[in-house]
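Hello,

Here is the structure I promised to pass on to you.

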Amino acid sequence: MARHEPSPAARIDRVRSLRVHERDDALTPEFQRLARDLKRTHQRVGSAGEAWAEIVPAHLAQGAVLEGVSRGVLTVRVPNQPARYVLDRWLRAGGQSQLAQRAGVRSVKVVVGGSPNSL
């Protein structure tokens, strides 16, 4: 008895029917919120964030949160007073002028503790 081979189109349709495209929408609102938060952060910080990431040494940037740029002043929140002191020393030793050249900020304001501005 001869075996009947399905046509190529029939085989493609069979493979398509086996593919399952289940979508889990449970995380969708969380990803949308994260994308919105990242967009707002980028709008607030802009090129200063890129310059910060490239110029500031990792041990100083750790724990620091860029809150925004307003009238040429970059506001950075640090977790504690010792972190503020070390970052301030780096800024006064030439870091602020590097940021000014690269990101176009006039100055950097370092604040301690508290929660960052809500997005």
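Predicted model: local features only at pLDDT ≥ 70, side-chain atom pairs only at ≥ 80, totals over all residues.

Residues are numbered from 1 along each chain as its sequence is written, and side-chain values use heavy atoms, with hydrogens and water left out.

The protein has five helices and three strands. Helices (H or I, at least four residues) and strands (E, at least two) are DSSP runs, numbered from the N terminus. Read from that end, the order is α-α-α-α-β-β-α-β. Of the 119 residues, 27% are buried. Buried means under 20% relative accessible area, exposed means over 50%, and partly exposed lies in between (1.4 Å probe, protein chains only).

Next, a helix pair. Two packed helices are described by the angle between their axes and the distance between the axes. Helix H3 (residues 47-55) packs against helix H5 (residues 81-103) at an angle of about 130°, and their axes are 10 Å apart. Axes here are lines fitted to C-alpha atoms, for helices over the stretch in contact, and angles run from 0 to 180 degrees between N-to-C directions. H3 and H5 are therefore oblique to each other (under 35 degrees counts as roughly parallel, over 145 as roughly antiparallel, 65 to 115 as roughly perpendicular, and the rest as oblique).

Gly 46 sits in the loop between H2 and H3 and is partly exposed, at 21% relative accessible area. Its C-alpha atom is 8.6 Å from that of Ala 103, although 57 residues separate Gly 46 and Ala 103 in sequence. Gln 62 belongs to the loop between helix H4 (58-61) and strand S1 (65-70), and is exposed, with a relative accessible area of 66%. The C-alpha atoms of Gln 62 and Val 78 are 8.7 Å apart, with the two residues 16 apart along the chain.

Now to the charged side chains. Side chains of opposite charge can pair when their charged atoms come close. The structure holds seven salt bridges, each a side-chain nitrogen of Lys or Arg within 4 Å of a carboxyl oxygen of Asp or Glu. Here are three of them:

- Arg 16 and Asp 13 meet at 3.8 Å, N to O. Three residues apart in helix H1 (residues 8-18), Arg 16 and Asp 13 are separated by about one helical turn. Arg 16 is exposed at 56%, and Asp 13 is partly exposed at 46%.
- Arg 33 and Asp 37 meet at 2.8 Å, N to O. Arg 33 and Asp 37 are four residues apart in helix H2, about one helical turn. Arg 33 is partly exposed at 36%, whereas Asp 37 is buried at 13%.
- Arg 102 and Glu 54 have their closest N and O atoms 2.4 Å apart. Arg 102 lies in helix H5 and Glu 54 in helix H3, so the pair ties together parts that are 48 residues apart in sequence. Arg 102 is partly exposed at 43%, and Glu 54 is exposed at 55%.

Best wishes
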